[in-house]
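Hi,

Here is the structure I promised to pass on.

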Amino acid sequence: MTTTQPPSQLPGFEVEAGSLGSLADARLAVELDTGDMILNMGPQHPATHGTLRLVVRLDGERVIAADPVIGYMHRGYEKLTEFRTYPQITTLINRIDWLSSFANEVPFIHAAEQLMGIEAPPRAQHIRTLLTELSRIATIYLFLGEMGLQVGALTPAFWGFRDREHVLNLIEGATGGRFHPNFNRIGGVKDDLPWGWIVECRAAMKRILDGCDDFEDVLVGNEIFQARTRGVGIIPAELGAAYGVSGANLRASGVDWDLRRDGKPYLSYNELDFKVWTHQDGDSFARYWVRLQETRESVRMVLQLLDGLASGPVMAKVPRIIKVPAGEVWVETENPLGQMGYYVVSKGAIGPFRVKIRSASFSNVSILPWLLRGLYVPDVVTVLGSLYFILGDIDR
Amino acid sequence: MGLVEKGVLSRKPLKPVTWLLNYSRKYSLWMFQWGLACCAIEMGAALASPRFDMMRLGVIPFPASPRQADLVVISGTVTDKMVPAIKRLYEQMPDPKYVISMGSCANCGGPYWDSYSVTKGVDQVIPVDIYIPGCPPRPEALLDAVVMLQERIQQEGLGNDELAARWRGEPVEVV
């Protein structure tokens with residue numbers, strides 16, 4: 001960043017007394033007379049998953065202060081929802097967290113269903129759970145590969161993209177949309193599963209499990225990977241919870257909290273047998289490990305669902321023009337990136353009066369200024385990668 | 001751009017020379033990835049996934065900076081806050097340069113056509129060569145766009161004045 005001001009006078013970068021001495025090697029600083037340097041990462045930087053901009057103040061190679069600048073992907077969702085009808089909003093909120101689009105739809109549709117007093121039939125619930133878990137696999141699988149890229153290994157990234165295609169094929173086969181399914185309707189899902197889908201799904205799940213084993217061999221057991229990630233970017237459990245960090249990032253700090261199990265029951269998770277994985281360390285490695293285990297757990301859930309898929313219709317009886325009765329409701333779910341919630345206020349019209357969206361990544365990155373302080377520059381990239389945020393989920 | 005300053009290109013070069021120049025250029029496109037939103041993931045799939053493998057078309061997706069790039073793919077929602085950065089990085093690219101606008105958001109605003117913070121089309125800011133429709137377009141669509149662009153690069157300067165204009169950095173109108 002070119003600036004005429006000395007860095008110490010820039011807003012947000014005031015030095016605390018004595019912090020410089022403790023962070024840098026004082027002898028070296030005197031000999032070489034290193035000044036502070038401001039490094040601007042982004043808004044277009046491959047390590048920031050899109051358009052996050054980080055203004056980092058460096059002393060040598062150590063970060064003294066980091067300031068995330070967000071808003072480059074702000075599309076005004078909460079305002080736009082006021083001008084759309086309920087079925088139209090489903091199309092829109094697919095694109096909040098674009099990797100796990102199906103999981104985004106679920107809480108909003110649930111909110112509308114709760115206000116209308118409609119319950120989706122069991123088969124629809126099962127298909128929803130199935131597709132939510134598939135989109136979770138697709139999301140996290142990309143992370144498992146990209147994390148290798150952040151520490152300098154290119155091959156896992158190719159693996160991540162390769163095996164993710166199998167899951168995307170499944171989603172496309174069931175919904176018609178490779179990326180944004182837009183498959184949920186108020187009162188059920190649009191269609192039944194196509195013929196032969198279940199057989200294909202089992203085959204793809206086997207591939208995913210094999211891929212997870214590959215990641216475990218190549219990355220988790222790798223000495224270089226461990227050296228780069230262990231002990232880097234530790235989030236203490238209480239602090240993480242205070243910042244609102246959720247999902248796998250918090251579970252990696254040892255907090256045993258998963259809305260699929262602990263929250264208000266939704267979809268068909270209470271029929272499933274699954275384990276919530278936690279790790280005590282709270283560092284980048286723990287976050288990777290927890291997500292790896294979660295992928296396997298999701299595969300287990302998908303297989304259980306395929307075994308016990310309910311029969312019957314996929315749509316409840318709903319009026320042709322959907323008008324949601326007046327009321328307020330808060331629905332939160334466990335999305336691949338963490339806790340996602342919608343607070344829907346309805347005044348009885350065809351569209352909501354106001355929607356407040358609580359997205360996981362926004363709270364997850366709010367810990368960045370605290371977390372990045374004192375790290376080396378290459379570790380910034382690792383920590384950003386291991387937190388795993390989506391810019392659309394931050395800015396909305 | 002020594003070719004332009006010496007007036008070589010304005011003197012209407014021999015057709016085989018132009019053909020060879022175009023042929024070499026079209027199979028060594030250095031592509032700058034401007035990944036913004038959902039389309040960026042599909043662009044990543046087109047580049048990194050073995051199923052699509054864009055590099056077989058002669059596209060090299062890893063320029064270290066826009067100063068080394070021939071082609072920029074704007075993939076995703078362009079917000080008003082992002083526009084100055086896009087303009088600045090586009091201006092850093094050397095001539096001749098090409099732009100692919102990927103996805104409905106970059107084309108016209110897409111599903112955010114009535115949003116207060118989204119730029120309705122990146123062509124308001126920089127000239128666009130190829131538009132890819134879709135929300136998001138499939139990776140095959142991006143591959144198709146690159147092939148279309150390569151066909152156009154091959155035709156430049158053969159029977160028209162487009163090539164010289166490109167190398168001077170002037171806007172080009174193609175019918």
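Let me start with B:W34. Setting aside its neighbours within four places in sequence, this tryptophan is in contact with A:Q44 from the other chain, and with B:M43, B:V72, B:V73, B:I74, B:S75, B:M82, B:A85, B:I86 and B:L89 from its own. Bear in mind throughout that this is a predicted model.

B:W34 also turns up in the largest nonpolar core, which has 114 residues. Along with A:W98, A:L134, A:W197, A:Y288 and B:I74, B:W34 is among the residues that touch the most other members. The element that gives the most to this core is helix α6 of chain A (residues 122–150), with 13 residues. There is a second, separate core too: 27 residues, including A:L80, A:L115, A:V344 and B:C105. As background, nonpolar side chains tend to be buried together in soluble globular proteins.

Now for the interface. How many residues of chain B are in contact with chain A? The count is 33, and they meet 32 residues of chain A. About 2700 Å² is buried between the two chains, and carbon and sulfur atoms give 62% of that. On the chain B side, the residues that lose the most area to chain A are B:I41, B:K81 and B:Y112, which together make up 21% of what that side buries. One to click on is the salt bridge between the side chains of A:E165 and B:R51, at 2.7 Å from N to O.

The last item is a sheet in chain A. Three strands form an open sheet in the order β6-β7-β8, with antiparallel pairing. At the edges are β6 (327–335) and β8 (354–358), each of which pairs on one side only. On average, neighbouring strands in this sheet are turned by 10° against each other, if direction is ignored. β6(A) and β7(A), the latter covering residues 338–346, are paired in the antiparallel sense over nine bridges, and a hairpin of two residues joins them.

Cheers

Conventions. Residues numbered from 1 in each chain as written. Chains lettered and ligands numbered in written order. Predicted model: local features only at pLDDT ≥ 70, side-chain atom pairs only at ≥ 80, totals over all residues. Heavy atoms only, no water. Pairing = 2+ DSSP bridges. Helix = DSSP H or I, 4+ residues; strand = E, 2+ residues; numbered from the N terminus. Axes fitted to C-alpha atoms, helices over the stretch in contact; angles between N-to-C directions. Core = buried A, V, L, I, M, F, W, Y, C linked by side-chain atoms within 4.5 Å. Buried < 20%, exposed > 50% of the residue type's maximum accessible area, 1.4 Å probe, protein only. Contact = heavy atoms within 4.5 Å. Buried area = accessible area lost by both parts, 1.4 Å probe. Salt bridge = Lys/Arg side-chain N within 4 Å of Asp/Glu carboxyl O.
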